[in-house]
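Thanks for coming, everyone. I'd like to walk you through one structure this morning. Please put it up on your screens.

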Amino acid sequence: MRKIYTSRFGELEVDEKKIVYFKDGIPAFETEHEFVILPYEEESPYYFMQSLNTPDLAFLLTIPFLFFNDYSFEIDDDTVKELDIKNQDDVFYYSMVTIPNGSIRYMTANLLAPIVLNGENMRAKQVVLEKSTYTTKHRLFPDSAKKEG
C-alpha cells in the first residue's frame, strides 16, 4: 500500500497493484505518470483519475460506451505493443469529461482521445484517434439543452 495526499479526497492508501501507469504521461501533463482511478460514488458512471504526485490534479472520467453506444475505434498496433495487450477482455476504455462552468447538463466527453487501460498490467495511454470524426466535446446529455429552450 502507498499513502498519497489529495486535495479532493484527503489522504488515501492506494494498493500498488491498482496504480495506473502512463509511460509518457498524458497530453499537456507529460510529467504525470501515476494515477489511481476512483469511483465517483457506488453505481455511478463516473470516476476520478487522481494523480499520485500532484494532490490538486484529478480528471473526471466516464466509460464512453454508456453514453455513446455506437462509439467505436481501432487501437493501432503500436499502442497494443506499448501497453502489452494480449487479451481484449483486459482492456478498459475511458473518456475525460468536462463540466463547462460547473453545469452538469452541458457535460462533454472527449471521444477523440480515449484513455486505453490494460487492466492486466495497469499500463495506460491516452490515444488521439487519427482521421476521426469524433471531437473533444461530445455532449453527454444533448436533449437537456432542447428542453430548456
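A residue is called buried under 20% relative accessible area, exposed over 50%, and partly exposed in between. Take Phe9. Its relative accessible area is 28%, so Phe9 is partly exposed. And a word of caution: this is a predicted model.

Let's stay with Phe9. Where does it sit? Look in the loop between strand E1, residues 2-6, and strand E2, residues 10-14. Which residues does Phe9 touch, not counting residues up to four places away in sequence? They are Leu38, Phe48 and Gln50.

Now move along to Ile75. Phe9 and Ile75 are 66 residues apart along the chain. Their C-alpha atoms are separated by 33 Å.

Ile75 is in the loop between strand E6, residues 58-62, and helix H1, residues 77-82. Is Ile75 buried or exposed? At 15% relative accessible area, Ile75 is buried. Leave out residues up to four places away in sequence, and Ile75 touches Val80, Ile85, Gln88, Val91, Tyr93 and Val116. There is also Leu129 to look at. It is 54 residues from Ile75 along the chain, yet the two C-alpha atoms are separated by 8.5 Å.

Tyr93 is in strand E7, which covers residues 91-98. With a relative accessible area of 17%, Tyr93 counts as buried, because the cut-off is under 20%. What is Tyr93 in contact with, leaving aside its neighbours within four places in sequence? The list is Thr62, Ile63, Pro64, Phe65, Phe73, Ile75, Gln88, Ile115 and Val116. Tyr93 and Ile63 are 30 residues apart in sequence. In space, C-alpha to C-alpha, they are 6.2 Å apart.

On to helix H1. Thr79 is found in this helix. Its relative accessibility is 0%, so Thr79 counts as buried. Not counting residues up to four places away in sequence, Thr79 touches Lys125 and Val127.

Lys125 comes up again in a salt bridge. Its partner is Glu82, and the closest N and O atoms are 3.1 Å apart. Why look at this pair? Lys125 lies in strand E10 and Glu82 in helix H1, so the pair ties together parts that are 43 residues apart in sequence. How accessible are the partners? Lys125 is partly exposed, at 23% relative accessibility. Glu82 is partly exposed as well, with a relative accessible area of 22%.

How many salt bridges does a search of the whole structure find? It finds 5. The side chains of Asp84 and Lys86 meet in a salt bridge, at 2.5 Å, N to O. Asp84 is partly exposed, with a relative accessible area of 32%. Lys86 is exposed, at 71%.

Asp84 has another feature: its backbone. Asp84 lies in the loop between H1 and strand E7. Its phi is near 55°, a positive value in a residue other than glycine. Asn101 also has a positive phi, near 50°, and it too is a residue other than glycine. Asn101 is in the loop between E7 and strand E8, residues 108-109. At 83% relative accessibility, Asn101 is exposed.

Last stop, the surface. What sort of charge gathers in a patch there? Negative charge, from Asp76, Asp77, Asp78 and Glu130. Glu130 is in the loop between strand E10, residues 123-126, and strand E11, residues 138-139. Its relative accessible area is 69%, so Glu130 is exposed.

Let me recap. Asp76, Asp77, Asp78 and Glu130 make up the negative patch on the surface. Over to you for questions.

Technical notes:
Residues are numbered from 1 along each chain as its sequence is written. This is a predicted model: local features need pLDDT of at least 70, side-chain atom pairs count only at pLDDT 80 or more; totals for chains, interfaces and linings use all residues. Side-chain values use heavy atoms; hydrogens and water are left out. Patches are made of residues with over 30% relative accessible area and no salt bridge: like charges are joined within 9 Å, nonpolar side chains (Val, Leu, Ile, Met, Phe, Trp, Tyr) within 5 Å. Accessible areas come from the Shrake-Rupley method with a 1.4 Å probe; for residues, only the protein chains shown count as cover. A salt bridge is a side-chain nitrogen of Lys or Arg within 4 Å of a carboxyl oxygen of Asp or Glu. Lys and Arg count as positive and Asp and Glu as negative; His and the chain ends are not counted. The place of a charge is taken as NZ of Lys, CZ of Arg, CG of Asp or CD of Glu. Helices (H or I, at least four residues) and strands (E, at least two) are DSSP runs, numbered from the N terminus. Buried means under 20% relative accessible area, exposed over 50%, partly exposed in between (1.4 Å probe, protein chains only). Contact means heavy atoms within 4.5 Å.
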